Amino acid sequence: MYTPSYISLHKSGKLEVLANNLWQHMEKCDLCPRNCGANRLFGEKGTCGADASLRIASFGPHFGEERELVGKGGSGTIFLSYCSLQCVFCINSDISHGGVGQNKTVQDFADMMLQLQDKGCSNINIVTPTHYLPHMLQALDIAAEKGLRLPLVYNTAGWEKLNIVKKLNQVVDIYLTDFKYYSKEKAMRYSPGAASYPEITQKAIIEFHEQVGNAVAEADGIIRKGLMIRHLIMPNNLDETENILQWIGQNLPKDTYVNVMTQYRPVYKAFEYPEISRRITIAEYKRAEEAAKRAGLTNYKIQG
Ligand code: SF4
């Protein structure tokens with residue numbers, strides 16, 4: 001019988017303590033690397049757009065995630081409104097920048113998790129959780145008490161502070177993380193204010209791996225624990241792709257799960273940046289594939 005890692009924390013009462021501890025971070029918010037200091041507990045909105053009220057854009061079984069997360073019932077995805085990274089090419093800019101969604105209570109959040117379990121989903125997949133970490137942990141604690149037993153997927157852009165990630169040890173079962181930029185120049189250009197992305201994300205990914213190890217599918221083809229990395233190839237940015245894949249090959253096991261994503265399309269503000277205002281070319285696709293091979297990666301996927 002599968003038991004997710006957060007159950008022992010819940011039973012010991014530590015999950016509730018941790019959630020309350022993180023809640024206090026919102027008084028002078030430092031939950032993400034922007035450290036903007038907003039007093040969210042007094043209704044102030046941070047740079048990410050969020051105050052202390054929880055906003056959720058949508059939830060439901062999602063069949064577009066990695067095959068090993070989908071299974072028969074889909075990945076139980078909960079899309080949170082707002083985002084701390086603020087990429088200019090975001091495909092969900094109405095949600096991440098515009099805050100589209102509805103205000104919900106932590107109890108509602110927990111009920112969504114339980115409904116997704118009842119629908120037969122393979123996991124609970126929280127999309128863009130960083131700024132709502134305290135709410136996520138409180139909801140998880142309530143849902144665990146009511147019988148939630150699915151793996152928790154932390155679906156992040158990767159720009160996560162090490163001291164915060166360390167608190168998530170034994171809470172998260174699967175880290176599903178982007179690795180977007182290798183150079184601070186590109187990070188700054190496409191995610192304004194996030195020049196620290198490469199340095200912070202590299203440290204976070206090492207910590208993710210230390211906590212959950214490699215993602216390995218079980219006999220039924222489903223991944224229930226481990227690190228899964230996504231990298232989106234961007235036009236005219238293949239040096240970034242090569243350096244990122246090389247870094248993974250040098251700093252993590254060669255069989256680390258890596259999804260090299262090819263579906264980039266220019267949306268939102270991407271047309272203000274001529275070099276990323278098109279899809280990738282076949283030559284760029286091939287260059288990425290060669291880079292993955294050269295890095296020695298043995299568990300990468302690249303869509304055709
Ligand atoms: S999570 Fe939002 S409010 Fe908190 S530091 Fe980051 S940008 Fe500011």
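Which residues do ring pairs link into a cluster? Hi everyone, the answer is Phe89, Tyr181, Tyr190, Tyr197, Tyr264 and Tyr273. Rings of Phe, Tyr and Trp (its six-membered ring) pair if their centres lie within 6.5 Å, with planes under 30 degrees apart called stacked, over 60 edge-to-face and the rest tilted.

A word on the source: this is a predicted model, where local features need pLDDT of at least 70, side-chain atom pairs count only at pLDDT 80 or more, and totals for chains, interfaces and linings use all residues. Residues are numbered from 1 along each chain as its sequence is written, and side-chain values use heavy atoms, leaving out hydrogens and water.

Searching the whole structure gives eight aromatic pairs. One of them joins Phe179 and Trp247 edge-to-face, at 5.5 Å centre to centre and 85° between the planes. Phe179 sits in the loop between strand 6 (174-178) and helix 8 (184-190), and Trp247 in helix 10, so this pair ties together parts 68 residues apart in sequence. Helices here are DSSP runs (H or I, at least four residues), as are strands (E, at least two), numbered from the N terminus. Phe179 is buried at 0% relative accessible area, and Trp247, at 8%, counts as buried too; buried means under 20%, exposed over 50%, and partly exposed in between, with a 1.4 Å probe and protein chains only.

Now for Tyr190 and Tyr273: their ring centres are 5.9 Å apart with planes at 65°, so that pair is edge-to-face. Tyr190 lies in helix 8 and Tyr273 in the loop between strand 8 (257-261) and helix 11, so parts 83 residues apart in sequence are tied together. Both tyrosines, Tyr190 and Tyr273, are buried.
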